[in-house]
Amino acid sequence: MATPQLLVGKVCGITGGLTGIGRAIALEYLRHGAKVAVNHLGGTNDDALVEAFHKDATDILLPGEERRFITVAGDISKPETGANFVAKIVETFGRLDVFVSNAGVCQFAEFLDIEPALLDQTVNINLCGAFYATQAAGRQMALQQSPPGGSIIGISSISALVGGGQQCHYCPTKAGVLSLIQSTAVALGKYNIRCNALLPGTIRTQLNDVDMSDEKKRAYMEGRIPLGRLGAPKDLAGPAVFLASDQLSGYVTGAQLLVDGGLFVNLQ
């Protein structure tokens, strides 16, 4: 029995949507009938990723179906990128119903070795970029479409709730994303905009692929996860559909949803 499509006609934007969690969410939104816009950094390094995304996205469409996805380049750490991305979404699809702030970076480093450049990059992309993009989405959903309303989803992390010895520059940014989402839930509720956070646990993506290729470290991490495995990007796609769907989560806002295989409750 086919899974019912839950997002038919919804217009969804995802930042950092060519790889990892963002890509999985974007493709799942397409499977559920949404129109999807994906932000990515841009440059020649993205060419192969754009081509691969377009191929997989096209394969989801029914034969003869009009294309309902776009990719838009832009550095999310720049204040204007979020606004430009939202403007392109509205220009193409007419409105914005769901916005996923996902773009982020994660580089392991010893606390005493962290240089200002690394801290600045991490804060500017993970936190400032999330703020500017979420603000642009909120302005569109609240003030520039009728009826107002929508769903904003911030991709935070289990790292927002715990410390990380090699993530002293990263964990605060993800705690900031969680706080941003909680605050926007209060600020935007009067416009019928729901704001919620997804907190991935240890998910195998390009950001930690080198780290998790260490067999001993991977086995240690898997041993701490009650479900016995690392997460995959697709594990975030279903929860993201849930939070995007008015039918399923219409009274859910200001929430944080851990998607970690049980890791947090097993941390001792």
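**Exercise 1. Work out how helices α1 and α2 pack: what is their crossing angle, and which residues make the contact?**

Step 1. Start with the axes. Helix α1 (residues 20-31) and helix α2 (residues 47-60) have axes that come within 9 Å and cross at roughly 25°. Axes here are lines fitted to C-alpha atoms, for helices over the stretch in contact, and angles run from 0 to 180 degrees between N-to-C directions. Helices (H or I, at least four residues) and strands (E, at least two) are DSSP runs, numbered from the N terminus.

Step 2. Name the arrangement. That angle makes α1 roughly parallel to α2. Angles under 35 degrees count as roughly parallel, over 145 as roughly antiparallel, 65 to 115 as roughly perpendicular and the rest as oblique.

Step 3. The α1 and α2 crossing is right-handed. A crossing is right-handed if the near helix is turned clockwise from the far one by less than a right angle, and left-handed if anticlockwise.

Step 4. List the residues. From α1 come Arg23, Ala26, Leu27, Leu30 and Arg31, and from α2 come Ala52, Phe53, Asp56, Ala57 and Ile60. Contact means heavy atoms within 4.5 Å. Sorted by class, the α1 contact with α2 has seven nonpolar, no polar and three charged residues. Ala, Val, Leu, Ile, Met, Phe, Trp, Tyr, Cys and Pro count as nonpolar, Asp, Glu, Lys and Arg as charged, and the others, Gly among them, as polar.

A note before you go on: this is a predicted model, in which local features need pLDDT of at least 70, side-chain atom pairs count only at pLDDT 80 or more, and totals for chains, interfaces and linings use all residues. Residues are numbered from 1 along each chain as its sequence is written, and side-chain values use heavy atoms, with hydrogens and water left out.

**Exercise 2. Now take α1 with α8: at what angle do they pack, and which residues meet?**

Step 1. The axes of α1 and α8 are 8 Å apart, and the helices pack at an angle of about 55°. That makes α1 oblique to α8.

Step 2. The crossing of this pair, α1 and α8, is right-handed.

Step 3. On the α1 side you will find Ile21, Ala24, Ile25, Glu28 and Tyr29, which meet Lys234, Leu236, Ala237, Ala240, Val241 and Ala244 of α8. This α1 contact with α8 divides into nine nonpolar, no polar and two charged residues.

Step 4. Look at α8 (residues 234-244) itself. Its buried residues are Leu236, Ala237, Pro239, Ala240, Val241, Leu243 and Ala244. Buried means under 20% relative accessible area, exposed over 50%, partly exposed in between (1.4 Å probe, protein chains only). Their cover includes α1, β4 (98-101), β5 (150-155), β6 (193-200), α9 (246-249) and β7 (256-259).

**Exercise 3. Locate glycine 22: is it buried or exposed, and what does it contact?**

Step 1. Glycine 22 sits in helix α1.

Step 2. With a relative accessible area of 0%, glycine 22 is buried.

Step 3. Setting aside neighbours within four places in sequence, glycine 22 contacts Ile14, Gly16, Gly17 and Asn102.

**Exercise 4. Describe the contact of α3 with α4: which residues meet?**

Step 1. The axes of α3 (residues 79-93) and α4 (residues 116-143) come within 7 Å and cross at roughly 35°, in a right-handed crossing.

Step 2. Pro79, Gly82, Ala83, Val86 and Val90 of α3 meet Tyr132, Ala133, Ala136, Ala137 and Gln140 of α4. The classes in the α3 contact with α4 are eight nonpolar, two polar and no charged.

**Exercise 5. Check two loop positions: where are proline 147 and asparagine 192?**

Step 1. Proline 147 is in the loop between α4 and β5. The peptide bond from serine 146 to proline 147 is cis, with omega near 0°.

Step 2. Asparagine 192 is in the loop between α5 (171-188) and β6. Asparagine 192 is not a glycine, yet has a positive phi of about 65°. With a relative accessible area of 54%, asparagine 192 is exposed.
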